[in-house]
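Me: I've got a model open and I'd like to know what the descriptions of it rest on. Can we go through a few?

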Amino acid sequence: MVGKEILIAIGIPLLAFSIGISLMMFRRKIAARIQRRYGPNFIQPLIDIFKLLAKKGNITHGIMYDLGPIIALAASITVVFFIPMPGMKLMTGSADVIALLYIMVIGSLATALGAGESANPNSSIGVARALTLMLGYDLPFVIVIITLVLKYHTTNLYAIMQAQAGGSWAMWVLPLSAIAGIIVTYGALGEHPFDAAVAPNEVATGPMAEYGGKHLGLLMINHAFHIYIELALFVDLFMGGASNIFYFYAKMFVIFVLIIFFDEVLPRFRIDDAVRFYWRWPTILALIGLIIVLVK
Amino acid sequence: MKEIIERVKRISGAEVSVRRENLIFVDVSRDKLISMLYDMKLEGFNQLSIMSAVDRLEDNEFEIFYVLYNYREKINAVVRSRIERENAEIETAEKIYPPAHTYERELTEMFGIKVLGNSESGKPFILENWKDKPPMRKDFDSVRYVNSHYEFRHSAEEETEGKNE
Amino acid sequence: MSKSYELFIGPNHPGVPGNFSLHLELEGDTIVSAKGDPGYLHRAFEKGMENRLYIQNLALIPRICVPEPDINEAAYSMAIEDLMGVEIPERAKYIRTIVLELARTTAYLQWMGGYAASLGLYTLSQWATGDRDYAIDMFSELTGARVYHMYIWPGGVRRDLPAGWEDEILGYVKYLKDKLEDYDNLFFKNAMFMHRAKGVAKITQEQALEWGATGPVLKATGIAQDVRKDAPYAAYPYLDFDIPVLTEGDSWARAIIRRMEIENALNLIEQAVKKMPKKGPVWTKMPNPFKWYVPTGETYAKVESSRGEHGFYMVSDGTNKPYRVAVRGASMPHMFTIAEKLLVGSRLADASHILLSLDICPPEIDR
Amino acid sequence: MDKMTEEQYRAISNMLRKRSLWMLHYCTGCGAMELPPTMTSRYDMERFGIVPYVTPRQADILLVTGYVNTKTLRRIVTVYEQMLDPKYVIGFGSCPINGGVYWDSYSVIKQLDKYIPVDLYIAGCMPRPEAIITAFRHLMDLVDKGKADGYRRYKENLDYYKKNQRKVLG
């Protein structure tokens, strides 16, 4: 039995990574088609990652600089274990949304610490922006989580997912909270219009400005996990999870394509505008959702 | 059109020559240059298009010129003045025309003409680490400079490129 | 601990329009002082031109301003024609107009890509640059080169239009007019673009006149100053067009002015193709290029570029080489007099946006 | 056996490197004018995995697009040294080769490969997008065969390059 658990322990992150990277592949291809071009080779993101890991030169600015991407990656993998994935149970039974909220912050903080040590002002500004944006989208996100917890009378993610089985998705029951949730997903993924933290024209890719080679490769792997985490969380919270992995993937894909479509036609917010936006519209929507649940 | 030219002619110290109906040249002496520019601005020449200098090496003089434009009368005026080539210096016009500030910085760098009253005159602007004489002067030979500082590629070198390094 | 810190934007930074550097001093996210640092593209044009024949300079001058090289050829040719007293044929005037307006279109499309990218909208960059390339095809059919045409030269234009080129250019005009609607829907009517651009980097009419603004920057404050109307050259006096004017004076107004100028340019091309004499010489016979002894004298010739007034001040001493040529680019006052003042007090996020809304062209500053 | 795996590793990593060349987004000269068409929808360089990246740490290729004056050369050298191995340099247009039309300009250097190692030159003023893409394909071949070794040459002949750099930069 132990052998099977180890297999699953390796299998879950691998599967999560493949889902994340495949969505990245689709992302570049779909974006290219919107921009009237042919687009890159389909497996381009994978080639990029392997090339970055095969880079020879190495540079370091201190211990945190090196540890930053590693801690971020470790935190992401930890989060992956807590998010219910159909057919693979290891720790999902004990997944608690409130604990999850805290673990998810670790990755961003680790990147922030690492980038901060590189002493590049662009990185510091980018980090400051990323953390400010986190402050912005965490408020509606927490309200949305509270709404769901009150609705289903549990803080267990798996139980929330199970309660929606059979078609009564939270998306249909609580549409306002779901809209707030998808806007939060935009910010968490750093897509337009909430990409001020990595804006090339302003801060030269922000936190990543000093990262290159293997570090950047790790950050890209982390990004693949990140895409998986945010989308899987949304699917689990609002779309009732899925009974098998293909169904799960299809749901994530639909949400992701929706995100890309908006991403490609919107300019970016200034960071103060982004926070103001988050504390206004999604927060109001989430609050109304909360009130509806409370009144019922 | 004619009226504005007449008005410019009445400014004291101005020698006006008309090149086209919308381009006139105004020659003044060095000490009247700034007051002339001031009068021109009062006449409605609101825009400084460019200012720079011409090195008149044979006369041992610099010719400073200001190309002005009158938006209402649609006429260009070039105010020119000659100064001595040795220890050349002029007064700044940035109080009258703000864009002059940058042109004067370039003037100092390219011709070595000092601009009094311009806080940034003489600071490095376009060139970096320039040690030779100001490059836009006529007695600066750029071909000689190039030959002494850079090496050209020769056909024989091309063949062995990569080996002799 | 001091509150402010320094940030160098550029030269290796996508936020600056080309090889140019900006020294910013920031307090938090707000800029407290800005200083431009030019010179990365200095090639000593004005010195080089003194050492070359007039005809050789023709190969040098397009390189002064890369996005729109034809204005240099036109202004340089006009200066020589003025000094030599040459009148160019009717058909050449129209061809010059078409070429200049097509170049203006390409310059604005290029600008549009950069401006949209500075606001984070990369899709428009892709579309606009892709559509610009079809205009480049027109150029390469007409002149044989994609970027540096050397087509307009003293006395007229280098050669006549190829057969069927008129129809092709009309087809392109029609194509781009359709595409402009797409651009409007994607960008110029985009609520988020308006949110970002409205009220940013606002200048009043008095300030614009005082600081020497020209072109779209001045038109956006409500002054219809345009060399094409004020000192008509080429075939502009025979054509019917209006100067677009807005009164807001902010980044949004400047963007919309440029958007209107594209339409204006397309209309001018259409008119010029239709009104153009169908036959006739395109070049006034000039002496052997090695013997272009330009009479002694000084002149100032100017044209309207996509960024504002572009002029050549030329001094001739009667030989076959110019004695002194000074180039006036619109970017010089726009950058050092206007942008340095506008950047102070704005946010770091807007720095690249402001530079692009003024359409700074570094090669024109450095020369 | 050990040697065998090392060879295989090198072959595989070269194959991956050639499919993913990130170029530095640094417009050093007027050749940068032909890069937007090459990058965008008409010619679409991303088909070959070539993407502009922002900082020197992330990039593999330094494209020197056109003339280099001494002020820019100082930045190019800094940027080149900041990039991580393996790194490649492409000299773009006729100016980095021998000065081009700026042969008598006091501020433009005449031979780029005296100051940093150049893997490939593209001739022309300015090279068309087709030429740029052909050059990138050629660079891919060089990378595949392991012949694009400019970064190694720079380390081996550091004194030579530094001496030349000091001569013009002072």
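Me: How do you know that α8(A) and α12(A) pack, and at what angle?

Reply: First, this is a predicted model, where local features need pLDDT of at least 70, side-chain atom pairs count only at pLDDT 80 or more, and totals for chains, interfaces and linings use all residues. Residues are numbered from 1 along each chain as its sequence is written, with chains lettered from A and ligands numbered from 1 in the order in which they are written. Helix α8 (175–189) and helix α12 (271–295) of chain A have axes 7 Å apart, at an angle of about 145°. Axes are lines fitted to C-alpha atoms over the stretch in contact, and angles run from 0 to 180 degrees between N-to-C directions.

Me: What makes the contact of α8(A) with α12(A) nonpolar, polar or charged by class?

Reply: There are 10 nonpolar, 3 polar and no charged residues. Ala, Val, Leu, Ile, Met, Phe, Trp, Tyr, Cys and Pro count as nonpolar, Asp, Glu, Lys and Arg as charged, and the others, Gly among them, as polar. On the α8(A) side, the residues include A:Leu176 and A:Gly187.

Me: Why is α10(A) called roughly perpendicular to α11(A)?

Reply: Their axes cross at roughly 110° and come within 10 Å. Angles of 65 to 115 degrees count as roughly perpendicular, so α10(A) is roughly perpendicular to α11(A).

Me: What makes residues of chains C and D count as in contact, and how many do?

Reply: Their C-beta atoms, placed from the backbone, have to lie within 7 Å. That gives 28 residues of chain C in contact with 31 of chain D. The largest share of the chain C side, 6 residues, comes from α5(C).

Note on methods: Two residues are in contact if their C-beta atoms, placed from the backbone, lie within 7 Å. Helices (H or I, at least four residues) and strands (E, at least two) are DSSP runs, numbered from the N terminus. Angles under 35 degrees count as roughly parallel, over 145 as roughly antiparallel, 65 to 115 as roughly perpendicular and the rest as oblique.
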